[in-house]
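Subject: Two-chain model for you to look at

Hi,

Here is the structure I promised to pass on to you. Have a look at it first, and then read on for my notes.

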Amino acid sequence: MNGMKTTLDLPADVARSLRLESARRGGRKAASLTRLVSDAVRRVYTSPEATAKSRLDLTPGRVVVTPPRGTPKVSSENVRAALYD
Amino acid sequence: MKHLLDNDVFLAAIYRGHALHGRARLWLDAAKPGGWGVAVETYLAMVRLSMNPAVMHAGVLTAKQALDVVEAELGGRHPGRVILSARKPERTLLEKAVGHRQIMDFWLVQVARDNGAKLATADAGTLANWPALTVKVG
(Lines give C-alpha, C1' and ligand atoms only; values in the text may rest on other atoms or scores of the structure.)
Protein backbone atom coordinates (compact mmCIF):
# COMPACT_ATOMS: atom_id res chain seq x y z
CA MET A 1 0.00 0.00 0.00
CA ASN A 2 1.37 3.47 -0.91
CA GLY A 3 0.12 5.10 2.27
CA MET A 4 1.46 7.01 5.23
CA LYS A 5 2.42 5.22 8.42
CA THR A 6 1.63 7.39 11.42
CA THR A 7 0.69 7.36 15.10
CA LEU A 8 -2.58 8.85 16.29
CA ASP A 9 -3.27 9.90 19.87
CA LEU A 10 -7.04 9.36 19.95
CA PRO A 11 -9.36 10.53 22.73
CA ALA A 12 -10.88 7.67 24.73
CA ASP A 13 -14.37 8.11 23.32
CA VAL A 14 -13.09 8.00 19.73
CA ALA A 15 -10.99 4.91 20.42
CA ARG A 16 -14.05 3.25 22.02
CA SER A 17 -16.21 4.13 19.00
CA LEU A 18 -13.62 2.60 16.69
CA ARG A 19 -13.47 -0.61 18.74
CA LEU A 20 -17.24 -0.88 18.75
CA GLU A 21 -17.50 -0.20 15.03
CA SER A 22 -14.78 -2.76 14.29
CA ALA A 23 -16.60 -5.36 16.38
CA ARG A 24 -19.87 -4.50 14.67
CA ARG A 25 -18.29 -5.12 11.25
CA GLY A 26 -16.83 -8.45 12.24
CA GLY A 27 -13.61 -7.66 14.04
CA ARG A 28 -10.13 -6.41 13.16
CA LYS A 29 -9.66 -8.64 10.15
CA ALA A 30 -12.80 -7.37 8.49
CA ALA A 31 -12.53 -3.79 9.72
CA SER A 32 -9.08 -2.71 10.84
CA LEU A 33 -8.42 0.62 12.53
CA THR A 34 -6.69 1.77 9.34
CA ARG A 35 -9.74 0.94 7.29
CA LEU A 36 -12.21 2.60 9.65
CA VAL A 37 -10.20 5.82 9.92
CA SER A 38 -9.61 5.92 6.17
CA ASP A 39 -13.33 5.43 5.42
CA ALA A 40 -14.29 8.15 7.90
CA VAL A 41 -11.75 10.65 6.56
CA ARG A 42 -12.85 10.02 2.97
CA ARG A 43 -16.49 10.60 3.90
CA VAL A 44 -15.88 13.77 5.89
CA TYR A 45 -12.95 15.51 4.24
CA THR A 46 -13.03 14.55 0.59
CA SER A 47 -15.06 17.27 -1.10
CA PRO A 48 -16.70 16.69 -4.48
CA GLU A 49 -14.34 19.33 -5.86
CA ALA A 50 -11.29 17.35 -4.76
CA THR A 51 -12.41 14.26 -6.69
CA ALA A 52 -13.94 16.03 -9.71
CA LYS A 53 -12.08 16.12 -13.00
CA SER A 54 -12.36 18.05 -16.22
CA ARG A 55 -14.33 16.35 -18.99
CA LEU A 56 -12.49 16.16 -22.32
CA ASP A 57 -14.18 16.12 -25.69
CA LEU A 58 -11.29 15.42 -28.05
CA THR A 59 -13.20 15.79 -31.33
CA PRO A 60 -10.42 16.64 -33.82
CA GLY A 61 -10.50 20.35 -34.59
CA ARG A 62 -13.21 21.08 -32.05
CA VAL A 63 -11.93 20.21 -28.61
CA VAL A 64 -13.83 21.24 -25.50
CA VAL A 65 -12.51 20.93 -21.97
CA THR A 66 -15.34 21.22 -19.44
CA PRO A 67 -14.30 21.96 -15.87
CA PRO A 68 -15.91 20.26 -12.86
CA ARG A 69 -19.14 21.83 -11.62
CA GLY A 70 -18.51 24.84 -9.37
CA THR A 71 -15.08 25.68 -10.82
CA PRO A 72 -14.56 29.47 -10.88
CA LYS A 73 -14.45 31.08 -14.34
CA VAL A 74 -11.04 32.13 -15.57
CA SER A 75 -10.58 35.58 -17.12
CA SER A 76 -8.03 36.85 -19.61
CA GLU A 77 -6.38 38.66 -16.71
CA ASN A 78 -6.07 35.38 -14.76
CA VAL A 79 -4.44 33.81 -17.81
CA ARG A 80 -1.93 36.61 -18.16
CA ALA A 81 -1.08 36.46 -14.48
CA ALA A 82 -0.58 32.68 -14.64
CA LEU A 83 1.68 32.92 -17.68
CA TYR A 84 3.73 35.97 -17.00
CA ASP A 85 4.08 36.44 -13.24
CA MET B 1 -2.34 31.09 -42.87
CA LYS B 2 -4.51 34.11 -42.06
CA HIS B 3 -4.57 34.02 -38.27
CA LEU B 4 -2.16 33.22 -35.47
CA LEU B 5 -3.87 32.76 -32.10
CA ASP B 6 -2.49 34.29 -28.96
CA ASN B 7 -2.27 32.26 -25.73
CA ASP B 8 -5.49 33.58 -24.22
CA VAL B 9 -7.62 33.07 -27.33
CA PHE B 10 -6.33 29.52 -27.80
CA LEU B 11 -7.22 28.61 -24.20
CA ALA B 12 -10.57 30.42 -24.37
CA ALA B 13 -11.62 28.55 -27.52
CA ILE B 14 -10.94 25.17 -25.90
CA TYR B 15 -11.75 25.71 -22.22
CA ARG B 16 -15.42 26.07 -21.31
CA GLY B 17 -14.43 27.60 -17.97
CA HIS B 18 -12.94 30.69 -19.68
CA ALA B 19 -15.07 33.83 -19.61
CA LEU B 20 -14.58 34.27 -23.39
CA HIS B 21 -15.17 30.62 -24.31
CA GLY B 22 -18.36 31.03 -26.33
CA ARG B 23 -17.12 33.94 -28.42
CA ALA B 24 -13.62 32.53 -28.91
CA ARG B 25 -14.98 29.11 -29.99
CA LEU B 26 -17.35 30.68 -32.51
CA TRP B 27 -14.62 32.93 -33.84
CA LEU B 28 -12.10 30.12 -34.23
CA ASP B 29 -14.56 27.77 -35.92
CA ALA B 30 -15.35 30.51 -38.45
CA ALA B 31 -11.68 31.44 -38.94
CA LYS B 32 -10.24 27.96 -39.40
CA PRO B 33 -11.10 27.50 -43.09
CA GLY B 34 -9.00 30.60 -43.90
CA GLY B 35 -5.91 29.05 -42.36
CA TRP B 36 -4.76 29.30 -38.77
CA GLY B 37 -1.99 28.36 -36.43
CA VAL B 38 -0.22 28.91 -33.16
CA ALA B 39 3.38 29.71 -32.31
CA VAL B 40 5.36 27.06 -30.47
CA GLU B 41 5.25 29.42 -27.50
CA THR B 42 1.43 29.33 -27.53
CA TYR B 43 1.38 25.54 -27.90
CA LEU B 44 3.49 25.29 -24.75
CA ALA B 45 1.51 28.02 -22.95
CA MET B 46 -1.67 26.00 -23.52
CA VAL B 47 -0.06 22.93 -21.98
CA ARG B 48 1.22 24.96 -19.02
CA LEU B 49 -2.14 26.64 -18.42
CA SER B 50 -4.01 23.33 -18.57
CA MET B 51 -1.74 21.92 -15.87
CA ASN B 52 -1.86 25.00 -13.63
CA PRO B 53 -4.17 24.74 -10.57
CA ALA B 54 -4.37 28.55 -10.37
CA VAL B 55 -6.21 28.45 -13.72
CA MET B 56 -7.91 25.04 -13.78
CA HIS B 57 -8.46 24.51 -10.05
CA ALA B 58 -9.60 20.92 -9.38
CA GLY B 59 -9.90 20.30 -13.12
CA VAL B 60 -6.16 20.44 -13.87
CA LEU B 61 -5.00 18.16 -16.66
CA THR B 62 -2.03 15.83 -16.71
CA ALA B 63 0.74 16.57 -19.21
CA LYS B 64 -0.51 13.73 -21.42
CA GLN B 65 -4.08 15.04 -21.35
CA ALA B 66 -2.93 18.60 -22.07
CA LEU B 67 -0.86 17.42 -25.05
CA ASP B 68 -3.79 15.32 -26.30
CA VAL B 69 -6.02 18.40 -26.10
CA VAL B 70 -3.64 20.60 -28.09
CA GLU B 71 -2.93 17.97 -30.73
CA ALA B 72 -6.63 17.19 -31.18
CA GLU B 73 -7.49 20.88 -31.61
CA LEU B 74 -4.73 21.23 -34.22
CA GLY B 75 -6.25 18.34 -36.17
CA GLY B 76 -9.61 17.99 -37.89
CA ARG B 77 -10.85 19.31 -41.23
CA HIS B 78 -8.86 22.53 -41.05
CA PRO B 79 -5.61 21.63 -39.31
CA GLY B 80 -3.67 24.33 -37.52
CA ARG B 81 0.01 25.00 -38.10
CA VAL B 82 2.60 25.18 -35.33
CA ILE B 83 5.02 27.97 -36.13
CA LEU B 84 8.63 27.80 -35.05
CA SER B 85 10.07 31.21 -35.85
CA ALA B 86 13.42 31.27 -37.58
CA ARG B 87 13.88 34.99 -36.99
CA LYS B 88 15.22 36.97 -34.07
CA PRO B 89 12.89 39.24 -32.07
CA GLU B 90 12.86 42.73 -33.60
CA ARG B 91 13.79 45.70 -31.46
CA THR B 92 11.43 48.01 -33.33
CA LEU B 93 8.45 45.95 -32.13
CA LEU B 94 9.57 44.94 -28.65
CA GLU B 95 10.81 48.34 -27.55
CA LYS B 96 7.23 49.61 -27.67
CA ALA B 97 6.32 47.27 -24.79
CA VAL B 98 5.20 48.88 -21.57
CA GLY B 99 5.84 46.29 -18.88
CA HIS B 100 7.13 42.75 -18.99
CA ARG B 101 3.80 41.16 -19.91
CA GLN B 102 3.74 42.84 -23.31
CA ILE B 103 7.03 41.32 -24.46
CA MET B 104 5.45 37.95 -25.30
CA ASP B 105 2.37 39.64 -26.82
CA PHE B 106 4.51 41.73 -29.14
CA TRP B 107 6.69 38.77 -30.03
CA LEU B 108 3.56 36.92 -31.15
CA VAL B 109 2.63 39.97 -33.24
CA GLN B 110 5.99 39.61 -34.99
CA VAL B 111 5.57 35.85 -35.51
CA ALA B 112 2.15 36.50 -37.06
CA ARG B 113 3.48 39.26 -39.31
CA ASP B 114 6.51 37.20 -40.41
CA ASN B 115 4.14 34.42 -41.49
CA GLY B 116 1.74 36.67 -43.37
CA ALA B 117 -0.93 36.42 -40.68
CA LYS B 118 -2.67 38.62 -38.13
CA LEU B 119 -2.57 37.93 -34.41
CA ALA B 120 -5.99 37.00 -33.03
CA THR B 121 -6.20 38.47 -29.55
CA ALA B 122 -8.61 39.86 -26.98
CA ASP B 123 -5.92 42.00 -25.39
CA ALA B 124 -6.78 45.69 -25.61
CA GLY B 125 -3.15 46.82 -25.32
CA THR B 126 -1.95 44.63 -28.18
CA LEU B 127 -4.90 45.63 -30.36
CA ALA B 128 -4.28 49.33 -29.68
CA ASN B 129 -0.55 49.12 -30.39
CA TRP B 130 -0.77 47.01 -33.55
CA PRO B 131 -4.15 47.63 -35.20
CA ALA B 132 -2.90 46.64 -38.68
CA LEU B 133 -1.36 43.37 -37.44
CA THR B 134 -4.11 42.12 -35.12
CA VAL B 135 -7.77 41.08 -35.10
CA LYS B 136 -10.06 41.35 -32.11
CA VAL B 137 -11.62 38.24 -30.61
CA GLY B 138 -14.40 38.57 -28.06
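Let me start with helix 2 of chain B, which covers residues 21-31 and has His21(B), Ala24(B), Trp27(B) and Leu28(B) as its buried residues. These residues span an arc of only 140° around the axis, so they sit on the same side of helix 2 of chain B. What they pack against is helix 1 of chain B, residues 7-14. Please keep in mind throughout that this is a predicted model.

Beyond its neighbours within four places in sequence, Val47(B) is in contact with Ala63(B), Ala66(B), Leu67(B) and Val70(B).

Now to the sheet. Chain B has an open sheet of five strands in the order 3-2-1-4-5, and the pairing is parallel. The edges are taken by strand 3 (81-83) and strand 5 (134-136) of chain B; each has a single partner strand, so one side of each is left without a neighbour in the sheet. From one strand to the next, the twist averages 35°. Strand 1 of chain B (residues 3-5) runs parallel to strand 4 of chain B (residues 118-121), and three bridges join the two. Within this pair, Leu4(B) stands opposite Leu119(B). Helix 3 of chain B, residues 40-50, packs on the sheet and touches strands 1, 2 and 3 of chain B. The direction of this helix makes about 75° with that of strand 2 (36-39) of chain B.

Which residues touch the most other members of the largest nonpolar core? Out of its 43 residues, they are Leu4(B), Val9(B), Phe10(B), Leu11(B), Ile14(B), Ala24(B) and Leu108(B).

- Gly138(B) is found in the segment after strand 5 of chain B. It is partly exposed, with 19 other C-beta atoms within 10 Å. Not counting residues up to four places away in sequence, Gly138(B) touches Leu20(B), Arg23(B), Ala24(B) and Ala122(B). Gly138(B) and Gly22(B) are 116 residues apart in sequence, yet 8.7 Å apart in space, C-alpha to C-alpha.
- Asp114(B) lies in helix 7 of chain B, residues 101-114, and is partly exposed, with 14 other C-beta atoms within 10 Å. Apart from its neighbours within four places in sequence, Asp114(B) is in contact with Ser85(B) and Arg87(B).
- His57(B) has a positive phi of about 55° although it is not a glycine. You can find His57(B) in the loop between helix 4 (53-56) and helix 5 (63-74) of chain B.

Finally, chain A. It has four helices and two strands, following the pattern α-α-α-β-β-α along the sequence. Of its 85 residues, 8% count as buried.

How many residues of chain A are in contact with chain B? There are 28, and they meet 34 residues of chain B. On the chain A side, the elements giving two or more residues are helix 3 (48-51), strand 2 (64-66) and helix 4 (76-84) of chain A. Helix 4 of chain A gives the largest share, seven residues. By type, the residues on this side of chain A divide into 16 nonpolar, seven polar and five charged.

Happy browsing, and best wishes

Definitions and conventions
Residues are numbered from 1 along each chain as its sequence is written. Chains are lettered from A and ligands numbered from 1 in the order in which they are written. This is a predicted model: local features need pLDDT of at least 70, side-chain atom pairs count only at pLDDT 80 or more; totals for chains, interfaces and linings use all residues. Two strands pair if DSSP finds at least two bridges between them. Axes are lines fitted to C-alpha atoms, for helices over the stretch in contact, and angles run from 0 to 180 degrees between N-to-C directions. Two residues are in contact if their C-beta atoms, placed from the backbone, lie within 7 Å. A nonpolar core is a set of buried Ala, Val, Leu, Ile, Met, Phe, Trp, Tyr and Cys residues joined through C-beta atoms within 7 Å. A residue is buried if 20 or more other C-beta atoms lie within 10 Å of its own, exposed if 12 or fewer, and partly exposed in between; C-beta atoms are placed from the backbone. Ala, Val, Leu, Ile, Met, Phe, Trp, Tyr, Cys and Pro count as nonpolar, Asp, Glu, Lys and Arg as charged, and the others, Gly among them, as polar. The arc is that of the directions from the helix axis to the C-beta atoms.
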